[in-house]
Amino acid sequence: MTTNKTVLKWLDEMKELLTPDQVVWVDGSEEQIEAFRAEACEIGELHKLNQDKLPGCYLHRTNPNDVARVEDRTFICTTTKEEAGPTNNWCDPAQMYKKLYDIARGSYKGKTMYVIPYSMGPIGSPIAKVGIEVTDSIYVVLNMVIMTRVSPKVLEVLGDSNDWVRGLHSRCDVDPEKRYICHFPQDNTIISVNSGYGGNVLLGKKCFALRIASYQGWKEGWMAEHMLILGLENPQGEVRYIAAAFPSACGKTNLAMLIPPEYLREKGYKIWTVGDDISWMKIGPDGRLYAINPENGFFGVAPGTNVHSNFNALESTKKNTIFTNVALNLDDNTVWWEGLDKNPPENALEWKGNAWNPSMFVKADKSTYAAHPNSRFTAPAENCPCISDEFNKGAGVPISAIVFGGRRAKCAPLVYQSKDWVNGVFVGSAMASETTAAAAGAVGVVRRDPMAMLPFCGYHMGDYFAHWLEMGEKLGDKAPKIFNVNWFRTDDEGNFVWPGFGDNMRVLNWIIDRCEGKATATETAIGYIPQPEDIDLTDLDMDIETLKSILKVDKDVWTKEAEEIEEHYKKFGDKLPAALREQLDALKANLAKM
Ligand code: GTP
Ligand code: SPV
Ligand code: MN
């Protein structure tokens with residue numbers, strides 16, 4: 001497949017270490033994919049679903065001990081601990097290589113070593129990058145051919161270059177005690193052992209496109225962010241692009257594909273999806289910030305996805321999709337998950353493969369759910385009815401607004417605009433959100449998650465903040481405007497106040513109007529808030545008083561918030577940029593005046 005000496009040398013090392021019975025290059029061709037699917041079904045890795053209703057679709061169940069990313073077993077192995085910073089687990093590279101090689105040694109015995117050459121981003125795009133993953137899992141191969149661009153062309157584009165990311169995945173025994181997801185940013189290398197789950201093993205995604213790429217972006221002057229990218233088309237046919245960073249399972253896929261409320265659709269508003277999870281951004285020739293989606297598919301949260309909440313995501317899963325850890329409807333050999341519809345299958349297998357029926361379901365007890373709360377679909381982006389024309393173009397789309405957000409039951413208002421780039425970086429650096437099922441561990445605990453990158457930043461978070469500030473200086477008056485949103489404010493009964501989903505379009509319109517200088521706002525201690533009349537409530541069952549309640553900036557709540565940000569900032573020591581310290585002081589002063 002290639003004569004690239006750096007590739008061949010590394011593959012020889014991998015063969016020697018892993019001792020596979022055979023080596024198979026993955027070329028992404030339809031024939032090869034079909035053969036892999038058949039083999040995966042034979043060995044029980046995949047279950048073939050109803051091909052009339054769901055052509056090309058399959059179900060996979062992971063080991064029940066292996067259902068989410070494992071942040072406590074994820075490491076950034078830089079030469080010094082200082083480079084990885086206070087928010088990452090760190091280990092000395094030499095020590096970690098030894099430990100991982102000892103675990104992986106001989107683990108492909110009796111198996112095939114699949115070699116996957118892939119491009120993150122349209123092949124040949126100036127923003128795209130090449131990776132090669134070796135794996136012993138056909139499931140990983142079949143996911144990678146959906147999530148990335150796998151083709152021999154990738155190797156042609158790479159030529160003799162050494163600028164590619166090495167990825168070793170070995171499922172080993174799926175032993176949670178020996179599970180490690182390790183990154184060596186200075187060697188462009190990722191090693192993942194003892195997992196078979198999503199973000200732990202599809203090494204192009206979080207490991208490369210965020211952890212390694214954030215490090216590369218820092219060194220090379222660009223940005224790799226945990227952001228969706230959408231195009232908002234107005235009735236004049238003009239499209240403005242927004243990139244939004246929300247933590248895992250906080251609504252990126254949903255926002256990226258939203259369907260505007262009917263009255264806006266009638267006027268001609270549309271949303272186009274460029275990406276739903278990751279954004280790589282570079283300053284273009286005209287000085288603006290341009291973004292590409294490095295991925296080629298969606299690895300989306302299944303529960304809660306339905307025709308009303310996310311029609312376009314559901315459509316995307318109707319063909320050539322792999323479902324992981326959802327329920328199997330035995331009556332028609334299709335899939336089901338909580339929130340898909342109001343008709344749970346009478347005769348089903350839950351995500352672990354045990355018999356299940358609706359009488360077993362207890363809302364308060366997640367262990368009775370048919371689908372795992374972090375069950376996922378892997379769907380080709382080309383299936384998405386609203387995929388942007390720009391998706392496959394390598395130049396990227398110019399970003400008008402960057403939006404941060406998270407799950408905050410009480411604190412953050414529905415939307416606010418930062419005062420300028422530096423203030424926006426402060427807002428991102430102070431972000432917090434309630435934890436979700438996307439990572440192993442407690443759910444619903446508020447934690448600081450700067451720019452939604454806490455689990456994904458491949459270097460010292462203080463340096464990362466400084467990098468953001470530097471990008472702002474380079475962008476100058478061409479910098480995107482920065483906003484913060486919160487769809488998750490709750491009332492006293494714990495119900496979400498804002499309808500969310502498609503209705504988030506009402507907020508996006510205000511954001512774009514602000515970017516174009518068309519909408520008014522009120523200045524508050526934390527930034528610019530819309531006047532209640534600025535958020536269009538047409539056709540919505542919500543009165544203006546309720547809207548006001550979720551736009552409110554509460555002095556006591558925010559004073560406590562500022563104290564927590566102070567605590568959070570202490571972690572970064574003298575790596576915390578002075579400009580952010582000043583922003584916090586200014587916030588405190590503003591609150592004191594309220
Ligand atoms: P990752 O793939 O883990 O990065 O997640 P994501 O950020 O793409 O989140 P996703 O869009 O898949 O949404 C996760 C969960 O949040 C789903 O259960 C959605 O139903 C729910 N959700 C998304 N948008 C909204 C919203 O606007 N309001 C409410 N209340 N829930 C939402
Ligand atoms: C996330 O957790 O943010 C995801 C899913 O997008 S995973 O690929 O498993 O990281
Ligand atoms: Mn994500």
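Author: Start with a term. Helices are DSSP runs of H or I with at least four residues, and they are numbered from the N terminus. One caution: this is a predicted model.

Now use the numbering. Isoleucine 259 sits in the loop between α9 (252-256) and α10 (262-267). Its relative accessibility is 32%, so isoleucine 259 counts as partly exposed.

The close look goes to helix α17. This helix covers residues 578-593, which is 16 residues. From first C-alpha to last, α17 reaches 23 Å. That is close to the 22 Å expected at 1.5 Å a residue.

Which residues of α17 are buried? They are Leu580, Gln583, Leu584, Leu587 and Leu591. Look down the axis of α17: the buried residues fall within an arc of 95°, so they line one face of the helix. An α-helix has 3.6 residues a turn, so residues three or four places apart point the same way.

What does the buried side of α17 pack against? Its buried residues pack against three helices: α12 (421-429), α13 (461-475) and α16 (555-570). Now turn to the face of α17 directed away from that buried side. There you find the exposed residues Glu582, Ala592 and Lys593.

Next, charged pairs elsewhere. Aspartate 554 and lysine 552 form a salt bridge through their side chains, at 3.4 Å from N to O. Aspartate 554 has a relative accessible area of 26%, so it is partly exposed. Lysine 552 is partly exposed too, because its relative accessible area is 45%.

A search of the whole structure finds 37 salt bridges. One of them joins the side chains of lysine 129 and glutamate 220, at 3.3 Å from N to O. Lysine 129 belongs to strand β7 (residues 129-135) and glutamate 220 to helix α8 (residues 204-220), so this pair ties together parts 91 residues apart in sequence. Lysine 129 counts as buried, because its relative accessibility is 11%. Glutamate 220 is partly exposed, at 46% relative accessible area.

Aspartate 503 and arginine 506 also meet in a salt bridge, at 3.0 Å from N to O. Both of these residues, aspartate 503 and arginine 506, are buried. Finally, a network of salt bridges links Lys205, Lys206, Lys252, Asp277 and Glu295.

Methods. Residues numbered from 1 in each chain as written. Chains lettered and ligands numbered in written order. Predicted model: local features only at pLDDT ≥ 70, side-chain atom pairs only at ≥ 80, totals over all residues. Heavy atoms only, no water. Helix = DSSP H or I, 4+ residues; strand = E, 2+ residues; numbered from the N terminus. Buried < 20%, exposed > 50% of the residue type's maximum accessible area, 1.4 Å probe, protein only. Expected span 1.5 Å × (residues − 1). Arc of directions from axis to C-beta. Contact = heavy atoms within 4.5 Å. Salt bridge = Lys/Arg side-chain N within 4 Å of Asp/Glu carboxyl O.
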